[in-house]
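These are my notebook entries on a structure that I looked up.

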Amino acid sequence: MAILEKLLRSKRVVWTLLVSPGLWPLWPIFVSKNPSVTADPFKHVLHHLGFVACIVLAIVLSFSPLRALWPKWGVAQALNRHRRLVGVAAFVYAALHLTTHLLYEGGFALAAIPVTLKTALDKPFQLTGLIAFTILLVLAVTSMNSVIKWLGGKLWKNIHRLAYVAAGLAAYHQAAARKLFPMQVVWIFGPLVILEIARIWQQRQPKPGV
Amino acid sequence: MLIRTPKDWELPESAATPESLYHLSKRRDFLKALGVAGAALATRELLAATAGFPSKVNAAYRDPALKPTAYEHITSYNNFYEFGTDKAEPKVLANRGWKTEPWTVEVTGMVNNPLKLDVNEVVEKMGGAEQRVYRLRCVEAWSMVVPWDGFQLSKLIALADPKSEAKFVKFTTFLDKKSAPGQRQGNLDYPYVEGLRVDEAMNELSFIATGIYGKPIPNQNGAPLRLVVPWKYGFKCIKSIVKIELTDKQPRNTWQVLQASEYGFYANVNPTVDHPRWTQASERVIGGGLGRQKTLMFNGYEAQVASLYKGMDLKKNY
């Protein structure tokens, strides 16, 4: 556990952990040349980036309940040093996912972008993804030190609670992407829900010595 | 004089037969036939599961503007939920001991001459196979171009001599939970059912495929015989058919049973009626680049099928 804690304290390790899942699609497209993937490689990239964005978002939101539940656990402490980095990574994956979607739908024609975005407006599946992305964009922009200072801690914190709304929307968006309910949504967001329930339950317990 | 330059995807006629023989030579049955029972049985085995029917290209259904999708993409990018919901899964899971030969198919219900035949007998009775190049448009907004081998559905239905009260044709897929993991999980309501109106089924385009690119149709594409209705979304093209039933009641197709708000009975390709979750105005081309191509009304077969739906509200009857 001490080794894990030490590794997770390292920024380089965390960066590697965050970047490598994004590189993964290169393997089936260029190395193993899996024909199921090369049939529509952009779709594979699109789904993969969305998938990673959901995972990273669920992971970063689990950091603070982990620390609240086990304040003395070194791993939880180590993880919480990287909240901003991991949170911005979730935004970057979501942004890459949206960019791929725009390219996938409209190619390189700039004029196609508003058309693609407009199609999303009357389709809850697409609209939830778009709103979740917008929230992450706001959170990423307000994560710069100068902006945090300018907003003040309390307002900043309240704004950043929107991340939970983004997670809920992302879970819906991911489930609606498939024709049958995909169990991965439960694996990705289920643990987070359990941690949050545990944190709320713990907060309601009377504090010892009071 | 018309000088025709063959396209790079066009196989010379001579290439088709050796290719299918090559495929056969890999089959255990064929080796067994050669070794044990001699030439007579070998000839019979050549006919096994529609392998031995070199198909003649039907030029009437080969639009030179259509560029067929690569064989490996057609056979690796499959929706066949009986063998998994991921596109890559059917190629693996449908080839793990699931037997598609021998295979019996019946034509039954409101007919004067019910049939129950081995699939090879069916192809023989249909006078062999022909090849047609059709567009295939999935409800998920992607498309392929497939050179199908097989026969026109109307010929088979005519052979069974439908009664006049028959209004619909109900198709049913195999049910074999031992071989089909998706059926064990029950991810859909199995066996898979599809349906057409009789006039749709008798349309010249409605086709039963027994092969692709002159080779026997692979298991993951719906061996040994599947429906092909190119003006409808792909899920109407039911795979691995065991029963074709003439009836007076509109069949409830599997996807309609699962989610009637998204999948209808008609499922005609229609760029003006969106799926609730995505646009149907355009489509991704499998094996193509970025961007999309415009989806055509009735998938480009308006001339052949538009008359079937005269006066119908296609927004309601999606």
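**Basis.** I note that this is a predicted model, in which local features need pLDDT of at least 70 and side-chain atom pairs count only at pLDDT 80 or more, while totals for chains, interfaces and linings use all residues. Residues are numbered from 1 along each chain as its sequence is written, chains are lettered from A and ligands numbered from 1 in the order in which they are written, and side-chain values use heavy atoms, with hydrogens and water left out.

**Chain B overall.** I found ten helices and 13 strands in chain B; helices (H or I, at least four residues) and strands (E, at least two) are DSSP runs, numbered from the N terminus. Of its 318 residues, 57% count as buried, that is, under 20% relative accessible area, against over 50% for exposed and in between for partly exposed (1.4 Å probe, protein chains only). Among contacts in chain B with a separation of 6 or more, 71% link residues 24 or more positions apart; contact means heavy atoms within 4.5 Å.

**Interface with chain A.** I looked up the contact and found 32 residues from chain B and 23 residues from chain A. About 2,200 Å² is buried between the two chains, 57% of it from carbon and sulfur atoms; buried area is the accessible area (1.4 Å probe) that two parts lose on being put together, summed over both. On the chain B side, B:Arg277, B:Arg284 and B:Leu290 lose the most area to chain A, together 31% of what that side buries.

I counted four salt bridges between the chains, each a side-chain nitrogen of Lys or Arg within 4 Å of a carboxyl oxygen of Asp or Glu. B:Arg292 forms a salt bridge with A:Glu105, with the closest N and O atoms 2.9 Å apart.

**B:Arg137.** Beyond its neighbours within four places in sequence, its contacts include B:Trp142, B:Lys232, B:Glu283 and B:Asn299.

**B:Asn299.** I located B:Asn299 in the loop between β13 and α10 (302-305). B:Asn299 is buried at 2% relative accessible area, and its phi is near 55°, a positive value in a residue other than glycine.

**B:Asp161.** Phi of B:Asp161 is also positive, near 55°. I placed B:Asp161 in the loop between α6 (153-160) and β6 (168-173); B:Asp161 is partly exposed, at 37%. Most residues other than glycine have a negative phi, and most peptide bonds are trans.

**Cis peptide bonds.** I found a cis bond from B:Tyr190 to B:Pro191, with omega near 0°; B:Pro191 lies in the loop between α7 (181-185) and β7 (193-197). A cis bond also joins B:Ala223 and B:Pro224, with omega about -5°.

**B:Lys294.** I found B:Lys294 in strand β13 (residues 293-294), exposed, with a relative accessible area of 71%. Leaving aside neighbours within four places, B:Lys294 is in contact with B:Ala281, B:Ser282 and B:Glu283.
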